[in-house]
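Dear colleague,

I am passing on the structure below, together with an account of what was found in it. Please keep it open beside you as you read.

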Amino acid sequence: MLGKGRLDMRKKGTSSLILGAVFVISMPCFAVHAEEKQTDKNFKTSVLQSEEDPELARLRKNAEEGDAQAQYDLGDCYASGECPANEKDVSKKDLKGIIHGEDMRTVPFGEMKAAEWWQKSAAQGNMKAQYSLAVLYHSGRGVPFDYEKAFALFKAAADQGDGQSMYNVAQAYEIGEGTAENDEKAVEYYLKAIEKNVAGASVNLRALYKRHPELHH
């Protein structure tokens, strides 16, 4: 069992951004994100590029036109540090990042842009974007910490069939993070995660049953 107040966000196929998540995650997409230093390096180098790669330009165009999958992919590109900034990005953001949140943290450019595009994609119901954005809210990367938003997004992805999100929702219900504690709901989502063969779900469920035998029907 992980400690109280921390969710396990492991997810295969996420960008390196997720590796910085609070749980034992492989966050997202979520093979999600590249290291911050590498992201900053790629961004600084990309500023010198006068022309955008044709494939990336098409992806950006599709994302700007509202394609949810393209929006998710573009966010993942920024999160991994592989997505160069265009002139619009450069004109508004300095090369080191931006100041964001009450704690005045410096937010790496890639994380901020990933959150921006995943927000758009998640709003259209893209499951991967919902999971990836949830991890950002849970870890406070690119967006302010917000466990309630993280829970809502994990649940949205879980209810679409994402196994890792089912596990995270179960943990949230068990410890009362971002939602009220609800052991019965925790059992429900652990069982769903077990059906998806999510690592750790069966162990956590057994521990929950041991503490509360009345839950085992």
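Helices (DSSP runs of H or I, at least four residues) and strands (DSSP runs of E, at least two residues) are numbered from the N terminus. This is a predicted model, in which local features need pLDDT of at least 70 and side-chain atom pairs count only at pLDDT 80 or more, while totals for chains, interfaces and linings use all residues. Residues are numbered from 1 along each chain as its sequence is written, and side-chain values use heavy atoms, with hydrogens and water left out.

Of the 217 residues, 49% are buried, where buried means under 20% relative accessible area, exposed means over 50%, and partly exposed lies in between, with a 1.4 Å probe and protein chains only. The protein exposes about 10,700 Å², and carbon and sulfur atoms supply 51% of that area; accessible areas come from the Shrake-Rupley method with a 1.4 Å probe, and for residues only the protein chains shown count as cover. If a contact is taken as heavy atoms within 4.5 Å, then among contacts between residues at least 6 apart in sequence, 54% join residues at least 24 apart.

At its N-terminal end α3 is capped by D67, which places a side-chain oxygen 3.1 Å from the backbone nitrogen of Q69. That distance falls under the rule for a polar contact, namely a pair of N or O atoms within 3.5 Å, of which, within protein, one must be able to donate a hydrogen and the other to accept it, with residues adjacent in sequence counted only if both atoms are side-chain atoms. After α3 comes G81, whose phi is positive, near 85°.

The structure also holds 7 salt bridges, each being a side-chain nitrogen of Lys or Arg within 4 Å of a carboxyl oxygen of Asp or Glu. One of them joins K155 to D159, with the closest N and O atoms 2.8 Å apart; K155 is partly exposed at 24% relative accessible area, and D159 is partly exposed at 45%.

What links K185, E188 and K192? These residues are joined in a network of salt bridges. E188 meets K185 at 3.4 Å, N to O, and E188 also pairs with K192, where the closest N and O atoms are 3.4 Å apart. E188 and K185 lie 3 residues apart in helix α9 (residues 183-195), whereas E188 and K192 are 4 residues apart, so that about one helical turn separates them. An α-helix has 3.6 residues a turn, so residues three or four places apart point the same way. E188 is partly exposed, with a relative accessible area of 30%.

Finally, please look at N197, in the loop between α9 and α10 (201-211). Phi of N197 is near 60°, a positive value in a residue other than glycine, and N197 is exposed, with a relative accessible area of 70%.
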